[in-house]
Amino acid sequence: MSVAPRMPKCWREESKPHKFCPGCGHGLVLKALGEAIDELGIQDKVVFGADIGCSLLAWDFFNCDTVQTHHGRTTPVVTGVKRANPDLVCIAYMGDGGGYAIGSQHLFNAAARNERILAVLVNNTQYGMTGGQMAPTTLPGQKTETSPYGRDIEQAGYPTQGPEAVAAITQDGAYVARGTVANLRQLKGFLKKALENQMAGNGFSFVEALSTCPTNWRTNAAKTWEFVEKEMTKYFKVGEIKAPGQKKEA
Amino acid sequence: MAEKPIQGERKAFLTGNEVVAYAAVAGEADIMYGYPITPQNEIMHYWTRMAPKYGKRFLQTEDELSAGFTTLGGVLSGAKAFTATAGPGNTLMQEPMSMAEMMRIPAVFVIQQRGGPSTATVIYSQQEVTMTTYGGNGEGFRVVYSTATHQDLFDYTIKAFNTAWKYRFPTFVLGDGYQAKMRESVTIYDPQARGIELIKPTPYLGKPGSIGKDREVTHMRNTYNTEEELYEVVMSMAKEYDSVAPEIVEFDAREVDDAEIVIVSHGVVSRAALSAMLELRGAGYKVGYFRPVTLRPFPGDQLRKVADNAKRLLVVESALGQFNKLVQTNIYGSAATIDTIFKPGVGVTSEEIVAKIKATL
Ligand SMILES: Cc1ncc(C[n+]2csc(CCOP(=O)(O)OP(=O)(O)O)c2C)c(N)n1
Ligand code: SF4
């Protein structure tokens, strides 16, 4: 008899096994997020917004109040919730297309206004839900359905450095980090700090998670992990990028 | 903090935008989200001046997509939330409006129509009728009040919040640049002092209590996996919309019983239509007047009866037939003939209507 791995308490059992593809990083990011929510004991106060993208599959993932929104629009929906009821802990969950392409004006303006919300962005270097098109995060030379000969930086530019951009435009009080599904303990730590930052009313919190999409990458398990750990980290530096008061301490 | 913005009632001489802001405060709106666009700007200007005095809030967003979606967020957390826009902003806001339709989110939108297509003019039109009634990728599950006077702006802004929260369909106050900028006298009042009960909002998300003990968890979605699943959702919404429509429908019909021609118009144009009708009646012409106040739901049965009876309609609007499409669809099968005065983006005077009718009768 095999023992199922322990689920975070705030996960909703009825919707498990979850709807993501086998080997998908979304489930791992949501595991780290679930554990952070559990450790902070905030399940009842969380409002979770799920973007359109593979994120939409998380619409009944948690035993937390959840709203599915539109592609790119989770940041404003959750901002609207928080502005009207600041006691809630608001999380906008989105893909890289949702956050850096169609919803970039929302992400960057929410950051600039220091909205007291947490945006979690899953970076899997392409558009998962729509079948693997190029995203702002696609690596130079990476083949996708709309860059079949590889991303041409002359035509499409370099991958968006989201957390770095957010860090550059936020005031003190913001928390910005990039984690990876290859290091869940660290990712959970970032998410927990980010939630605490919101609850303390310090400012905008943003965590990008390097993630996997074996379906569209067409990779086996070994190649999937190799891509996250070796290829993605060439362009996306994992670590804490900004935390309240950090400058003063340094 | 001041108690109430208006005690009892009083006469005032205000611009329409000011009236909307007063009405939103009097109607106990909690929060406005907005993005600047002429001719609605002063709604935000007056709201932001009054709001802090009454514990209300405002967020200026990065665009109308955001203004619409933050408004939905505000409603989800249980606030009476609204926004205001016009023209290209209305175009952008169709996306959040379609989410409001699908998820039955009672957001209130004030639209002050300006010229179109595109940036066009910041002045006036009735060219946002199609978009406001049936915009977005939806089926028009919305309530749209088309106002004609400052009194309407005040009354229907208050009513819009009640309608939205009672029926849980997004609700629109459709004004225009003339109404927005013009000053006229209006009676502003405390709705409760007039016996109007203001419906209290309740949260969709983040209700108090512990999940699984005191309350159920809420999962709201707008995405469905199968055609059949979606069909059920849309058809049950349609059924509910149709069943409450008769309670919501409003119109004004005058002198229609013996009329040989009835002027059909909405919004500010109906003021010209009304004075034309009165003038023609005075001169012995058998002219009637019909004004739908709600464009969604449309007073179709009522208008069809009028059309069948008079056999001639004159449809007048400051657009190239957007309102007329609603009229034609709703009286389909009637033998009545339709004359038109279409002036896209331009005002209509009673003289023009009088002249047209004298030439045709
Ligand atoms: C306004 C709008 N444009 C396009 C789409 C189609 N669409 C759905 S999901 C998606 C991309 C999802 O990619 P990403 O945000 O990176 O998330 P992932 O699926 O990779 O997790 C797109 C383009 C949409 N739903 N709405
Ligand atoms: S398509 Fe990719 S991102 Fe979407 S669920 Fe499958 S593996 Fe995950």
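Helix α3 of chain A contributes the most to the shell around ligand 1, with 4 residues. The model is a predicted one, in which local features need pLDDT of at least 70, side-chain atom pairs count only at pLDDT 80 or more, and totals for chains, interfaces and linings use all residues. Residues are numbered from 1 along each chain as its sequence is written, chains are lettered from A and ligands numbered from 1 in the order in which they are written, and side-chain values use heavy atoms, with hydrogens and water left out.

The shell of ligand 1 consists of 16 residues, and the closest are C54(A), D96(A), G97(A), G98(A) and G128(A); a residue belongs to such a shell if one of its heavy atoms lies within 4 Å of the molecule. Both α3 (96-102) and β5 (126-127) of chain A supply at least two residues of this shell. Helices (H or I, at least four residues) and strands (E, at least two) are DSSP runs, numbered from the N terminus. By class, the shell has 5 nonpolar, 10 polar and 1 charged residues. In this division, Ala, Val, Leu, Ile, Met, Phe, Trp, Tyr, Cys and Pro count as nonpolar, Asp, Glu, Lys and Arg as charged, and the others, Gly among them, as polar.

Several polar contacts, that is, pairs of N or O atoms within 3.5 Å, involve ligand 1. A polar side-chain atom of D96(A) is 2.5 Å from an oxygen atom of the ligand, and one of N124(A) is 3.1 Å from an oxygen atom of ligand 1. In M129(A), a backbone N or O atom lies 2.9 Å from an oxygen atom of ligand 1. Of the 590 Å² of accessible area that ligand 1 has on its own, the protein covers 76%, with areas taken from the Shrake-Rupley method with a 1.4 Å probe.

Which residues are around ligand 2? They are F20(A), C21(A), C24(A), H26(A), C54(A), N124(A), G128(A), C213(A), P214(A), T215(A) and N216(A). Helix α8 (residues 214-217) of chain A gives the largest share of this shell, 3 residues. The shell of ligand 2 holds 6 nonpolar and 5 polar residues, and no charged ones.

Chain B comprises domain 1 (9-194) and domain 2 (251-360), with bounds from an automatic or database domain assignment. Taken over C-alpha atoms, the centres of the two domains are 26 Å apart. Their contact (heavy atoms within 4.5 Å) takes 28 residues from domain 1 and 22 residues from domain 2. About 2000 Å² is buried between these domains, and carbon and sulfur atoms give 51% of that area; buried area is the accessible area (1.4 Å probe) that two parts lose on being put together, summed over both. Y124(B), Q126(B) and S146(B) supply 30% of the area that domain 1 buries against domain 2, more than any other three residues.

The peptide bond from T38(B) to P39(B) is cis, with omega near 10 degrees, and P39(B) lies in the loop between β2 (31-34) and α2 (41-50). The bond from G116(B) to P117(B) is also cis, with omega near 5 degrees; P117(B) is placed in the loop between β5 (108-113) and α5 (129-134).

Definitions and conventions: A polar contact is a pair of N or O atoms within 3.5 Å; within protein, one must be able to donate a hydrogen and the other to accept it, and residues adjacent in sequence count only if both atoms are side-chain atoms.
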